[in-house]
Each structure stands twice: as structure tokens, then as C-alpha cells.
Amino acid sequence: MAGRLEGKACIITGAGSGMGRAMAHRFVQEGAQVLLADISGQQDEVARAVGSAATAIHCDVADEDQVQAMIAAAEDRFGRIDVLCNNAGFGGGMAPLHKQSAEHWDRIHAVNIRGVFLGMKHGITSMLKTGGGAIVNTGSASGVIGWKHHSVYGAAKAGVHQLTKIAALDYSDKGIRVNAIAPGTMWTGLVAGSAQSETPPEGYPVLAGIPMNRWGTAMDIANAALYLASDEAAFVTGVILPVDGGYCIGFSGMGAERPGVTTADPEDL
Ligand SMILES: NC(=O)c1ccc[n+]([C@@H]2O[C@H](COP(=O)([O-])OP(=O)(O)OC[C@H]3O[C@@H](n4cnc5c(N)ncnc54)[C@H](O)[C@@H]3O)[C@@H](O)[C@H]2O)c1
């Protein structure tokens, strides 16, 4: 049986770790060829693990010349780009807004939103030449709702969601679909300790307020990206898909005090 991405040429940024690495494995399982871009060097190891359908490239997504070189490399190798996953990003430096530095703002925004903009700009330019494609951006639940002390990161991710929706409109009649995933709290490289295991150790605490009461995994995101990248999502564009165990719909303020609110089971009261 043909895979869900059979013969599709895909670029995945941030492919050296976490969600991007999981996308690489999942996409190739479904018949894709992948160009794996990262700044860390770990994309080489991922490409080796994935096999001959994968090629690695160094790319800092905040650097326009390097993004253009990544797009050109995919065109050279595959002749076209069917799928572009703008997934590279990083967090950290959480603090109240007045304690945030302008330098931190610039670093976070250079990668997390400028990087997505550059990927889309040059990826779409390429897709327009070949008749279309699918873009999957990685946003965040913190760009859907407010996470305390995440003003800088949340603003960048909310911007990614808005870029996604407006680009979806711009190219809706050009065969290019543009969607985003809004991960909740995922057990990936962004979380301390996650490098050692794909799922949290037994008994590791789950953050309060996640209705499904577990951490998300990189593969949860890869499966969502697979759907949005595939032709199964042919009539889906401009969507910000939360993959968060119900976190956004059940949200009542991460880290915020919630007087009078209890999450205890009624039978325990
Ligand atoms: N982990 C979470 O809980 C969570 C939640 C919401 C959103 N996200 C987003 O998910 C995406 C993937 O993160 P992850 O959790 O898999 O983390 P991760 O750290 O495991 O992977 C991110 C990858 O991006 C790469 N990267 C960072 N800066 C780059 C740059 N300038 N150019 C190219 N590559 C760069 C890193 O080297 C790394 O390999 C990010 O955009 C992140 O903001 C993560």
C-alpha cells in the first residue's frame, strides 16, 4: 500500500531533535524523501538513522541566505518541494515582561518568527513554480492562550499563527495550503531531561491543567504534521491545530493562582 506521503519531497527544519526528528522518521515511514535542516549538527545523525531517503543540511533559519540555500538544495535534490515544515525554534528565559531584555526578544523572534517567515517566503516562491504544496508551521499553545512569564515567546508564537492564517488566504487559490500545529507541553529537547528518553520517566509530574493528564510526545506532533502535510488534508488550510491533550480548551492559567478552583475528583471531596 502506498504511504501517506509517497513520493513527496519534504523539508523539515529543527530536524536534529524533538518534534523535527520525529517528523523525519514518521514522514519517511510514509514514503517521503526528506531534507533535514538544523543548526545543531544533530541533523546528520538523524539522517543516518532515517536512511537513504534523508539528506541533512546545516541551516540557521534566522539567516536569509542560509534559508535560500536550503530551498535551493531541496530543489536540486528533489526537483520540487511538496512539504515544508517550519519547525525550528527554542524557548527559555521565562520571566515577567519588565525583566525581559531586548536582546532576548531579538534572539527568540529571529528564530521563532523571522525563521518561519523566511521559510515561508522562499518555500512558497519555490512551490509557486511547481504548482503548489503544503506548509506546516510549529506554533505553540502559548500563542493561543496566555502562559504566565512567556510574553516574549508567546508573542512570537502568536505571530506564527497569524502568519499561517494570512498566508493560507494569500495562496488559497494557488494550491498551497498553510497550517500550523500548536503543541502543548511536550516531552522534547525544550524540556530539561527529555534528551535521555522519548517519554517521561515513570512518576514524573505532569503539569497541572492538562485534561489528558500526560506529557505530549514528539510523535504526537509528528502524526499531526503528517496529516496536515498529506493529501488527506486537501481541504484544510489556515488551521491552528492544538495538539495538547485538551490543554487550551481546559486552560485556567499556568502558574496562576486559582482561588476556589480545585481539580480534585468529586468523589474525593
Ligand atoms: N516542547 C514543547 O513543549 C513545545 C511546546 C510548544 C511549541 N514548541 C515548539 O516546537 C518546535 C520544536 O521544538 P522541540 O520541542 O522539538 O525542541 P527541540 O529543542 O528538541 O528541537 C528544536 C530544534 O530546533 C533547532 N534550532 C534551534 N534554533 C535553530 C535555528 N536558528 N535554525 C535551525 N534550527 C534551529 C535546534 O537545534 C533543535 O534541534 C519549536 O518551534 C518549539 O518552539 C515546543
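Trainee: Hi! Which helices each supply at least two residues of the shell around the ligand?
Mentor: H1 and H4 each do; helices are DSSP runs of H or I with at least four residues, strands are E runs of at least two, and both are numbered from the N terminus. This is a predicted model, where local features need pLDDT of at least 70, side-chain atom pairs count only at pLDDT 80 or more, and totals for chains, interfaces and linings use all residues. Residues are numbered from 1 along each chain as its sequence is written.

Trainee: How many residues surround the ligand?
Mentor: 32 do (C-beta atom, placed from the backbone, within 6 Å of the ligand). The closest are Gly14, Gly18, Gly89, Thr188 and Gly189.

Trainee: Back to H1: at what angle do the axes of H1 and H6 cross?
Mentor: Roughly 55°, with the axes of H1 (residues 18-29) and H6 (residues 218-229) coming within 8 Å. Axes here are lines fitted to C-alpha atoms over the stretch in contact, with angles from 0 to 180 degrees between N-to-C directions.

Trainee: What does that make H1 and H6 to each other?
Mentor: Oblique: under 35 degrees would be roughly parallel, over 145 roughly antiparallel, 65 to 115 roughly perpendicular, and the rest is oblique.

Trainee: New topic: where is serine 101?
Mentor: In the loop between strand E4 (83-86) and helix H4 (102-130).

Trainee: Is serine 101 buried or exposed, and why?
Mentor: Exposed, because 11 other C-beta atoms lie within 10 Å (12 or fewer is exposed, 20 or more buried, in between partly exposed, with C-beta atoms placed from the backbone).

Trainee: And how many Å apart are serine 101 and valine 28?
Mentor: 41 Å, C-alpha to C-alpha, and 73 residues apart in sequence.
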